[in-house]
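Work through the exercises below with the sequence and the structure in view. Each task is followed by its solution.

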Amino acid sequence: MTDDTRIPRPALLLGLAGLIPFLWSAATHLSPTLAAAAGKWLSPMFLGAYVGLTYGTVILSFMSGVLWGFATRAEGREAAIAYTLSVIPALWAFFMVPDASDTSAIFLAAGFVGLLLLDATFQAWGLAPRWWLRLRVMLTVVVLGCLAIPLQA
């Protein structure tokens, strides 16, 4: 018998690995020394707040695809609603995160909060695995913390 509320090890490990660019973004923002050393080998796109914003938009788009996959389990009117909801994170990132400004960072963070609400909705509808929300809450807390760091005065 399996525990369908337990996060599968590969999903957990890959989810945690997906936090690395967010953590790197926060670390290189907090440490000018680290950013300067890394800047000898990396483009500015891969340092500080910019990498968090860029990667975050990619992840919101990726998560739209995940939600789309969950929507395939629905039928009828619920399917139409689920497919429609699934495209919101990608569209949000596309329209609301156009640059590396603080405003874009705030909108990106809002996108991750909205994504978490969609995750909860899809799980409540039985479209996502029972362990899904536990994983998503854990990852989202870290993402939001990392995105908030450059916003501190």
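**Exercise 1.** Describe how α1 and α8 pack.

Solution. Helix α1 covers residues 9-17 and helix α8 residues 132-148. Their axes are 10 Å apart, at an angle of about 15°. That makes α1 roughly parallel to α8, a term for angles under 35 degrees. Helices here are DSSP runs (H or I, at least four residues), numbered from the N terminus.

The model is predicted: local features need pLDDT of at least 70, side-chain atom pairs count only at pLDDT 80 or more, and totals for chains, interfaces and linings use all residues. Residues are numbered from 1 along each chain as its sequence is written, and side-chain values use heavy atoms, leaving out hydrogens and water.

**Exercise 2.** Find the salt bridges and say which parts they tie together.

Solution. The structure holds two salt bridges (a side-chain nitrogen of Lys or Arg within 4 Å of a carboxyl oxygen of Asp or Glu).

Step 1. Arg-130 pairs with Asp-4, the closest N and O atoms being 2.9 Å apart. Arg-130 lies in the loop between α7 and α8 and Asp-4 in the segment before α1, so the pair ties together parts 126 residues apart in sequence.

Step 2. Asp-119 and Arg-136 meet at 2.8 Å, N to O. Asp-119 lies in helix α7 and Arg-136 in helix α8, so parts 17 residues apart in sequence are tied together.

Terms used. Axes fitted to C-alpha atoms, helices over the stretch in contact; angles between N-to-C directions. Helix = DSSP H or I, 4+ residues; strand = E, 2+ residues; numbered from the N terminus. Parallel < 35°, antiparallel > 145°, perpendicular 65-115°, else oblique.
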